[in-house]
Every structure is written in structure tokens, then in C-alpha cells.
Amino acid sequence: MKRILVTGGGGFLGSHLCDRLVAQGHDILCVDNFFTGSKKNIAHLLQEPNFELMRHDVTFPLYVEVDEIYNLACPASPVHYQFDPVQTTKTSVHGAINMLGLAKRVKAKILQASTSEVYGDPVVHPQQEGYWGNVNPIGPRSCYDEGKRCAETLFFDYWRQHDLRIKVVRIFNTYGPRMHPNDGRVVSNFIMQALRGEDITIYGDGSQTRSFCYVDDLIDGMMAMMDTENGFTGPVNLGNDREFSMVELAERVIRLTGASSRFTFMPLPENDPQQRQPDIALASSTLGWRPTVPLEEGLRRTIAYFKSSS
Ligand SMILES: NC(=O)c1ccc[n+]([C@@H]2O[C@H](COP(=O)([O-])OP(=O)(O)OC[C@H]3O[C@@H](n4cnc5c(N)ncnc54)[C@H](O)[C@@H]3O)[C@@H](O)[C@H]2O)c1
């Protein structure tokens with residue numbers, strides 16, 4: 001049994017990770033300031049003897065004794081991370097410094113939830129981990145993209161300078177139950193609009209593609225990464241390599257919800273990448289991982305969640 005800290009444990013991904021780690025019998029400390037997370041996501045865990053919740057902001061130091069740290073604290077959707085961009089950068093950068101400092105003190109292994117946004121608007125497809133990205137440092141998305149890039153830098157400097165056991169995963173679009181219904185992300189947007197019987201808003205002409213990874217698959221990959229041998233740092237892409245256009249996704253959502261929604265087209269937001277697709281060869285060879293839940297099945301489970309919670 002390990003003592004494991006999950007920052008951002010009250011959020012979408014963090015709460016699923018806590019579920020899995022608690023079920024394995026580890027002693028879990030969930031830390032969250034509930035900026036975008038919700039107590040509802042973890043309410044069912046509060047009675048478990050091996051689960052503990054602490055309200056705390058990771059931009060401040062934390063003194064606890066743990067064996068492993070999963071660092072997920074950070075608002076992840078543009079509406080949330082652009083609400084207070086300075087705090088977003090602080091969460092990524094000061095949060096990383098504080099968690100790395102903690103890992104150094106207690107000799108814990110630490111995993112960073114990085115993002116495909118470190119590739120920016122990529123000029124190579126699909127994106128391999130060796131690609132350095134094409135990121136605007138001064139735009140409205142930069143607080144998130146550059147904050148996450150700086151956090152990666154800090155992880156690798158702590159590894160080189162202090163020999164810390166680090167793991168970095170770059171997460172691509174992930175969806176599933178407990179996503180925020182109003183976070184402006186495409187899967188939740190489409191499902192909520194369809195369930196309300198509204199028309200579905202498509203930005204641009206809808207030909208831009210994205211890949212969508214179901215949450216259970218993503219958590220499998222993260223946990224497999226934490227369990228890799230000490231010398232292996234990543235970064236490793238985690239995501240689904242199957243691409244769908246926005247129009248294809250919208251059509252599926254309409255079919256699975258039985259809605260009669262039509263499409264409304266709006267201009268593309270600034271710096272919105274045209275295409276993003278992970279190369280997951282490294283995850284496959286080093287973690288023996290690849291996503292298994294088909295989009296249709298994942299959407300069905302997510303739609304059921306949104307229906308039951310609305
Ligand atoms: N969901 C995705 O598709 C995706 C893609 C790429 C990367 N990620 C990364 O995975 C992590 C989790 O994302 P998510 O989708 O679960 O988002 P989320 O917003 O649901 O979860 C983030 C959690 O961090 C908490 N938090 C934010 N700032 C904090 C702070 N200063 N101190 C303590 N807690 C704080 C929030 O309250 C929330 O519970 C994030 O780091 C995100 O960047 C997610």
C-alpha cells in the first residue's frame with residue numbers, strides 16, 4: 001500500500017484517478033481548491049477509510065508525507081483557464097515548483113499531467129513527443145499552454161539537477177462522466193445542446209478534426225506510466241489516435257441522444273488548431289497501452305451521465 005497525493009483530485013480526471021487508486025487499497029490524499037472541481041465528484045469516496053480530502057491551493061507550499069504524487073491541479077478548459085489567466089500560469093508554474101519541492105523533500109515519485117497544448121497549432125501530424133511545438137507565447141491561450149510547457153521544463157530540471165523520479169504524460173482530449181457540462185469543450189457542448197433540444201454550434205466549417213479518449217482508458221495510461229521503471233521520464237503522449245471531424249462527432253451525438261438538433265456555424269476562435277492527433281507509438285511500446293473504448297460506447301456512457309445529473 002502506497003501513500004499517494006492527487007492534486008486536482010476533485011476534478012474530472014482526478015476524481016476517476018482517486019476512484020481507481022482507492023479501489024486498489026492505497027492511502028489517498030486528494031488536494032483541491034475546487035476552482036473547477038466539485039465535491040460531488042468525490043462525495044462517494046469520503047466514507048472510505050483510505051481516502052482523505054484537503055482543500056488547498058497548490059500555488060502555496062504543502063507539507064505532507066507521501067510516496068507518489070499525481071499533479072493534475074489546473075483548470076483545463078479555455079473558459080476556465082482564461083477566467084483568471086495569471087492564476088492559471090501560477091497554478092501550473094508555482095504548483096509545479098511546490099509539488100516538485102515536496103517530491104524532493106520526501107523522495108516521492110511525481111507525475112505531471114501535461115497536455116497536447118504544448119504542441120500549440122502543430123505543423124506536423126500526428127504529433128510525436130520529439131516535436132517541440134508551435135505555440136503563441138502572448139495569446140489568450142498562452143497562460144495554459146506556456147504554463148504547462150514551463151511545468152515540463154521544471155520537471156526535467158528537477159530530474160537533471162536533483163535526480164528526482166519524474167514522469168510526464170501529455171494528455172490529448174479526454175471525455176467521459178464528470179466532465180463539466182458548461183466548460184465549452186466540444187463533447188460536453190454538443191451533448192448539452194442536443195439534450196436541451198438546441199441546435200449544435202460548430203466553429204469553422206466543422207472539417208477540423210480532433211481525437212477523443214475515453215476517461216477510463218486515459219487513467220489506465222496514467223497509472224501505467226507511474227509504474228514504469230525509475231529511469232523512464234517520458235514525455236509520453238496519451239490519447240486516442242483515431243480522428244473525427246466536428247461534423248462527424250455532432251452527427252453521432254445527435255443520433256445517440258435522439259435529438260432533432262441542426263447545425264449552426266460560427267467563426268473559429270483565435271489560435272484554434274485545425275487538426276490534432278497523437279502519435280501513441282511510445283505509449284504502446286513502453287506502457288503496452290492503447291485506448292480500447294470506442295467513441296460510440298464512450299459517448300453513450302457520457303450522455304447517460306449528463307442525463308442523470310441534469
Ligand atoms: N481533460 C482533458 O482532456 C485534459 C487534456 C489535457 C490535459 N489535461 C490536464 O489534466 C488535468 C486535469 O484536467 P481535468 O480535465 O480533470 O480538469 P478539471 O478542471 O476538472 O480538474 C482540475 C482540478 O484542479 C483543481 N485546481 C485548479 N487550480 C487549482 C489550484 N491552484 N490548487 C488546487 N487545485 C486546483 C480544480 O478545482 C479541479 O478540481 C489538468 O492539469 C489538465 O491540464 C486534461
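Select the shell around the ligand: its residues divide into 13 nonpolar, 14 polar and 4 charged. In this division Ala, Val, Leu, Ile, Met, Phe, Trp, Tyr, Cys and Pro count as nonpolar, Asp, Glu, Lys and Arg as charged, and the others, Gly among them, as polar. The model is predicted, with local features requiring pLDDT of at least 70 and side-chain atom pairs counted only at pLDDT 80 or more, whereas totals for chains, interfaces and linings use all residues. Residues are numbered from 1 along each chain as its sequence is written, and side-chain values use heavy atoms, with hydrogens and water left out.

**The ligand and its shell**

Altogether 31 residues surround the ligand, and the closest are Leu13, Asp32, Thr36, Tyr144 and Lys148.

Next, colour the shell by secondary structure. Helices (H or I, at least four residues) and strands (E, at least two) are DSSP runs, numbered from the N terminus. At least two shell residues each come from α1 (12-23), α3 (85-106), β5 (109-115) and α4 (142-162). The largest share, 3 residues, belongs to β5.

Now display the polar contacts, that is, pairs of N or O atoms within 3.5 Å; within protein, one must be able to donate a hydrogen and the other to accept it, and residues adjacent in sequence count only if both atoms are side-chain atoms. In the side chain of Thr36, an N or O atom is 2.6 Å from an oxygen atom of the ligand. From the backbone, Leu72 places an N or O atom 2.8 Å from a ligand oxygen. A polar backbone atom of Thr174 is likewise 2.8 Å from an oxygen atom of the ligand. The protein buries 98% of the 820 Å² that the ligand exposes when taken alone (accessible areas by the Shrake-Rupley method with a 1.4 Å probe; for residues, only the protein chains shown count as cover).

**Helix packing**

Move to α7 (residues 246-257) and α9 (residues 295-309), whose axes come within 10 Å and cross at roughly 55°. Axes are lines fitted to C-alpha atoms, for helices over the stretch in contact, and angles run from 0 to 180 degrees between N-to-C directions.

**Backbone details**

Where does Pro126 lie? Select the loop between β5 and α4; the peptide bond from His125 to Pro126 is cis, with omega near -15°. Another cis peptide bond joins Gly234 and Pro235, with omega about 5°; Pro235 is found in the loop between α6 (215-226) and β11 (236-238). Finish at Phe34, in the loop between β2 (27-32) and β3 (51-55). Although not a glycine, Phe34 has a positive phi of about 60°.

How values were computed. Near = heavy atom within 4 Å.
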